[in-house]
Amino acid sequence: MPQIEILQIFQGLATLVASDPLIIFARIALIALGIAFVYLGAKGTLEPLIMIPMGVGMSSVNAAVLFLSPTVMGTLFIDPMASDPAKLMDVLQIDFLQPIYTFTFSNGLIACLVFMGIGVITDVGYMLISPFRSMFIALAAELGTLLTFPIAVAMGLTYKEAASIAMVGGADGPMVLFTSLMLAKDIFVPITIVAYLYLSLTYAGYPYLIRLLIPKHLRGVKMDLKAVPATTKAEKMTFSVIVCTLLCLLFPVAAPLFMSFFLGIIIRESGVTQFIDFIGGPVLYGSTFFLGLMLGVLCEAGTILNPKVLMLLVLGMTALLLSGIGGIIGGYIVYWTSGRSYNPVIGIAGVSCVPTTAKVAQKEARDANKFAVILPWAMGANICGVITSAIIAAIYVTLLR
Amino acid sequence: MESFWGSVNLMLFVYALAAVVSFAVAWIIKLIFAGIRLQGTLSGARAEAKAKSASEPGNAPLERKA
């Protein structure tokens, strides 16, 4: 009988013991964080659709490190660093999540599928109520995206890294993923994780910002529901086709995102229920599930231990906070210029986390005045926010790539 | 390290360009809806005029006599 070392049978523990103290600490901390994400997701504090698969992935991948050879440690989940074609072919046949990473994640397909799903659940009719005001609010709500860029550069990040983390201010997960994949592939994992972590906190955090910056009597300003125009499917489809073509013409580098989003809208308006059900259901939720799972398994201690992570955490928070403040300032400006007939809470919906921020705005308005209905305007600002975020992402990628 | 002031300039340029394109999109929305509404109004007026001219005695369609 060969000599048996008990610890070598339990390789997750053996690799833990054989690692550097920093890696040991990081693996244990990430396992605990993954379990916390599952708990907070199930409880509803964080976004469950992302956080549950992400938490399970994070805790599993950090527990399941084994000796691939006597000197090399790794997992059978994924190898994000494999780029050499021969090595990649090997890894594709061994690591069970590698095909999903290589063929949907690293080329941005999964971000586009999520965007297509968002398009299917988005009614662009809301944009037509007052497009200029909605667009103005959306631009104001990009304050975080813009100011975080020079702040990040001052903190030592390159232009490409700074633009990627600044996109967190746009509060659009697929957009952050797309931009960081295009501009800062080395740190796209921590950037995307920071983005999704904070985005799932907006639902809990923004109400406090609204209550802090807008007094109750202004939060309860009623809007005139008669001003909401009835729009036809033909009008919405015409708009979507023209704007999609124009934006693809102006920014070919972000054409996959634009096309996916507007295709979703066009499918919704076309009324082809088979496509609507398919894209709004299995595609959207399947992509979101795998996005969360991939983000989780990419959080392996060896990959995530980057001195820039702490900086990214601070910058991501700054970007979202500034965007929220910018949106509210935009809401105030429209309130004053419209003869005080516009509810300034709508400003927060300019932050394009569809439809979370619009729902937050409506909830805060209703809490202040149970007759205040602002959801149509908030959704308009929300959709304009998606478009302005995509435009800013496209400009950054075009200029810096 | 890349230039801080360079990043400020770039930020202002990106914001200005994004504002121009965003408001252009808002204009497109306005134009499309103005165009579609105008077309609707015109076709409505045309149909009304047609109906009106058909109802006037001198403009009644000729009936074939057997």
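Student: Axes are lines fitted to C-alpha atoms, for helices over the stretch in contact, and angles run from 0 to 180 degrees between N-to-C directions. With that in hand, at roughly what angle do the axes of α8 of chain A and α1 of chain B cross?

Tutor: Bear in mind first that this is a predicted model. In it, helix α8 (residues 131–140) of chain A and helix α1 (residues 4–55) of chain B cross at roughly 160 degrees, and their axes come within 9 Å. Angles over 145 degrees count as roughly antiparallel, and that makes α8(A) roughly antiparallel to α1(B).

Student: And is that crossing left-handed or right-handed?

Tutor: The crossing of α8(A) and α1(B) is right-handed.

Student: Which residues make the contact?

Tutor: From α8(A) the contact takes P131(A), F132(A), M135(A), A138(A) and L139(A), while α1(B) supplies A18(B), A19(B), S22(B), F23(B), V25(B), A26(B), I29(B) and K30(B). Sorted by class, this contact of α8(A) with α1(B) has 11 nonpolar, one polar and one charged residues.

Student: What does the secondary structure of chain B come to?

Tutor: Chain B has one helix and zero strands. Of its 66 residues, 14% are buried.

Student: How many residues of chain B are in contact with chain A?

Tutor: There are 22 of them, and they are in contact with 28 residues of chain A. On the chain B side, 18 of the touching residues are nonpolar, two are polar and two are charged.

Student: Switching to chain A, what does the domain assignment give?

Tutor: It gives domain 1, which covers 1–73, and domain 2, which covers 96–400. Taken over C-alpha atoms, the centres of these two domains of chain A are separated by 32 Å.

Student: Which residues of α4(A) and α16(A) meet?

Tutor: Among those in α4(A) are L49(A), I50(A), M54(A) and V61(A), and among those they meet in α16(A) are F289(A), L291(A), L295(A) and V297(A). The whole contact of α4(A) with α16(A) divides into 13 nonpolar, five polar and no charged residues.

Student: New topic: how many residues of α10(A) are buried?

Tutor: Helix α10 (residues 159–166) of chain A is mostly covered, since eight of its eight residues are buried. They include K160(A) and E161(A), along with Y159(A) and I165(A).

Student: What do the buried residues of α10(A) pack against?

Tutor: They pack against α9 (143–154), α11, α12, α18 (309–337) and α20 (375–400) of chain A, together with α1 of chain B.

Student: And at what angle do α11(A) and α12(A) pack?

Tutor: Helix α11 (residues 173–183) and helix α12 (residues 188–213) of chain A pack at about 165 degrees, with their axes 9 Å apart, and they are therefore roughly antiparallel to each other. Their crossing is right-handed. The contact involves, among others, V176(A) and L177(A) in α11(A) and I191(A) and Y196(A) in α12(A). By class, it has eight nonpolar, three polar and no charged residues.

Student: Why is I100(A) counted as partly exposed?

Tutor: I100(A) is partly exposed because it has 19 other C-beta atoms within 10 Å, whereas a buried residue has 20 or more.

Terms used:
Residues are numbered from 1 along each chain as its sequence is written. Chains are lettered from A and ligands numbered from 1 in the order in which they are written. This is a predicted model: local features need pLDDT of at least 70, side-chain atom pairs count only at pLDDT 80 or more; totals for chains, interfaces and linings use all residues. Two residues are in contact if their C-beta atoms, placed from the backbone, lie within 7 Å. Ala, Val, Leu, Ile, Met, Phe, Trp, Tyr, Cys and Pro count as nonpolar, Asp, Glu, Lys and Arg as charged, and the others, Gly among them, as polar. Domain bounds come from an automatic or database domain assignment. Helices (H or I, at least four residues) and strands (E, at least two) are DSSP runs, numbered from the N terminus. Angles under 35 degrees count as roughly parallel, over 145 as roughly antiparallel, 65 to 115 as roughly perpendicular and the rest as oblique. A crossing is left-handed if the near helix is turned anticlockwise from the far one by less than a right angle, and right-handed if clockwise. A residue is buried if 20 or more other C-beta atoms lie within 10 Å of its own, exposed if 12 or fewer, and partly exposed in between; C-beta atoms are placed from the backbone.
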